[in-house]
Amino acid sequence: MSGPAVAAAGVWKYFGDYPALRDVRFELGEGECLALLGRNGAGKTTLLRILAGLSGASKGGVAIDGGDVRASATRARVGWLGHSIGLYDELSARENLRTFGALYGVKAATISEWLERVNLSHVADAPVREYSRGMRQRLAVARAFLHGPRLLLLDEPFTSLDDKAIALLQGLLAAARADGATIILSTHQIREAMELASLVALLDRGKLVHYGERTTEMLNDPGYLYRTYGSAA
Amino acid sequence: MRTKIILALGAITLPFLLRNLHMIIFLVPDDLEQGPVYRIFYYHLPPYFVAAMGYFTAMVASILYLVKKDQKYDAIAVSATEIGLAFAAVNLITGMIWGRISWGIWWAWDARLTWALIGWLVYFGYLVLRRAIDDPTERAKISAVLSIFASASVAITYKAIEWWRTQHPGPVLSIRTGGGTLDPAMENMLYENTLALLLLGAIFLLVRLRQEEVQREIDGLRRFVHAGN
Amino acid sequence: MTMLRHAAVIATKDLRSELRTKESINSTLSFSVVILLLFAFAFDPSPDMIAEFGGGLLWIVFVFAGALIVNRSFARELPNDCIDVLVSSPASGASLFLGKALASFVLLAGVECICLPAFGILYNVTWWRSLGGLIGVLALGTWSMACVGTFFSALTVNLRLRELMLPMLMYPILIPSLLSAMMLTNTLLTGQPIPSDFTVWLRLLIGFNIIFTTLSVYLAETVLVR
């Protein structure tokens, strides 16, 4: 590994006139878990998409393990869980995992393991369209973790998850951390994020207004961060 | 500085165009076969060259944009394409008028006219596509890619339509190019008017470019204002 | 090669999805047969007329069908943002494009396999006289549509008015290959071997495919990463 796991250097992103990200710079070491906080429209999703290689920065750049985000080898180590579940409704759970898994070189045995782990083995061959919301969420999580990513990028993963799914995700994230993986997750569910995070970052209208360790104050009083570093209104 | 160049070019081009017009109407000799009506030719072939130059410039600018990601190349690409389209339209319309007067029909599916129409549609599609994308960076990128496809397509279509028309002989409407069959006075006039129209095209290009740059400056100022909040 | 392997995964997935839902296949097939009917009413062609423009007629049907099929190509990735999962995967933009173009090719070929007999029945044409050549030309022409169409599907996937823009952009650019395919198909339908001066059309068709496949593969990544 060369340098920090994730490095952003002077990242700007414009959508037309609007600067969604303004001069964002930070370094994240391997094995850290970063909670990315901010109001709606602060730029969390934009930043995560750039890190995932889905978007390009207008100015500046990002590096994953010192390498280009769009390099195939880099992307093989990254797991992405966005706002939507990222699954094909007309295919079954097994077919979905097989398709995505094939792009990462995942073996059939691993797929069966994961179906077991997220409690979907019994319905693995039914189309995803027929699943309940909780089941779809669990499958989406399985898809993101399937290939054993070293860097996990999760965009508001706890939103609209039921209790079982939240517990599952927290368990998986803790296990991934214990395994030395790096995690960046953006969230509104501050409590769950604070429990997992070792570092926190606060984005306010595209600017990184705070980046530092997750303190006990933040853990006990989640709104602390916004009051201290965020701007009024 | 830019304004001075535009004004200087204008000062040269306007008298040049007027002088050409005068010569074309009064001084250049009649064509043996077609009589005076052929004079529209001087406003038919030169626009074709200007349009071709416009499209070529757009292609080069598009490639440069994809390589360098500098927005100014996008401005050149769209300006050059618009100028090209305008002159190509003149080419098409004068061709149709000439055909109507000389052969009694507004349109014929000969190689040149057909290719001109297809080419016009392809580049018009470029403008329509641009309208559908709001984000300037995304718009620049997507249009650059389309412009490259358009150029390749128009080049291939040229040959294709030519072969199509030599396979199926129809009414012969091939427009004579400046070959050995032209009276030297006519040939010179052709080159002179091409030059005049090229200068005119250059003026339009510079004005249009100026427009794009001002737009970008406005966008930048808007960003500045947004960022301050 | 990894790129081809990834492309195969994408192609298989697309085909499996389409066969599962039959969304575009059904509508495309019925649409094509309706067009064949409409042409019969419009022209009421005699066998001589068919010999003159049968190839052209067939390809117009294929082109309309083609637009319907390629329109779905990248649009099917929009629900649930599957496109994001694909673009962030190790698969390159080129392999995503290639896989989808292959799937569109197969689907379009399937439609043609049904349209051809339908055409033969409705217009009383024995089309199988130069079957080998015909299949070759159909394959080449269909690939040019699948290739350019899928690329433009990627180009327009996020635009409003996608359904309208895609054919509008695609058709003029496809004219050289469609022209060649029509010329060649016309001759092949009449059962005669390709005359020597027609090899120019074959070369044009092949050249077109090479140029545009190369351009598409090369530029796919640029288009897919926003």
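Predicted model: local features only at pLDDT ≥ 70, side-chain atom pairs only at ≥ 80, totals over all residues.
1. Read along the sequence, the pattern is α-α-α-α-α-α-α-α. The radius of gyration of chain C is 18 Å, close to the 17 Å given by the globule rule for 226 residues, so the chain is as compact as a globular protein of that length.

2. The C-alpha trace of chain C spans about 55 × 35 × 25 Å along its principal axes. Of the 226 residues in chain C, 51% are buried. Among contacts in chain C with a separation of 6 or more, 86% are between residues 24 or more positions apart.

3. Chain A holds an open sheet of six strands with mixed pairing, in the order E6-E7-E8-E3-E9-E10. Its edge strands are E6 (78–81) and E10 (207–213) of chain A, each of which pairs on one side only. On average, neighbouring strands of this sheet are turned by 15° against each other, direction ignored.

4. Within that sheet, strand E3 (residues 33–38) of chain A runs parallel to strand E9 (residues 199–204) of chain A, and five bridges join the two. A:Ala35 has A:Val200 in E9(A) as its bridge partner. In general, strands of a sheet pair through backbone hydrogen bonds, either parallel or antiparallel.

5. Which helix lies across E3, E7, E8 and E9 of chain A? Helix H1 (residues 44–51) of chain A does, and it runs at about 150° to E8(A). Here E7 covers 151–155 and E8 covers 182–186.

Terms used:
Residues numbered from 1 in each chain as written. Chains lettered and ligands numbered in written order. Helix = DSSP H or I, 4+ residues; strand = E, 2+ residues; numbered from the N terminus. Rg over C-alpha atoms; globule rule 2.2 N^0.38 Å. Buried ≥ 20, exposed ≤ 12 C-beta atoms within 10 Å, placed from the backbone. Contact = placed C-beta atoms within 7 Å. Pairing = 2+ DSSP bridges. Axes fitted to C-alpha atoms, helices over the stretch in contact; angles between N-to-C directions.
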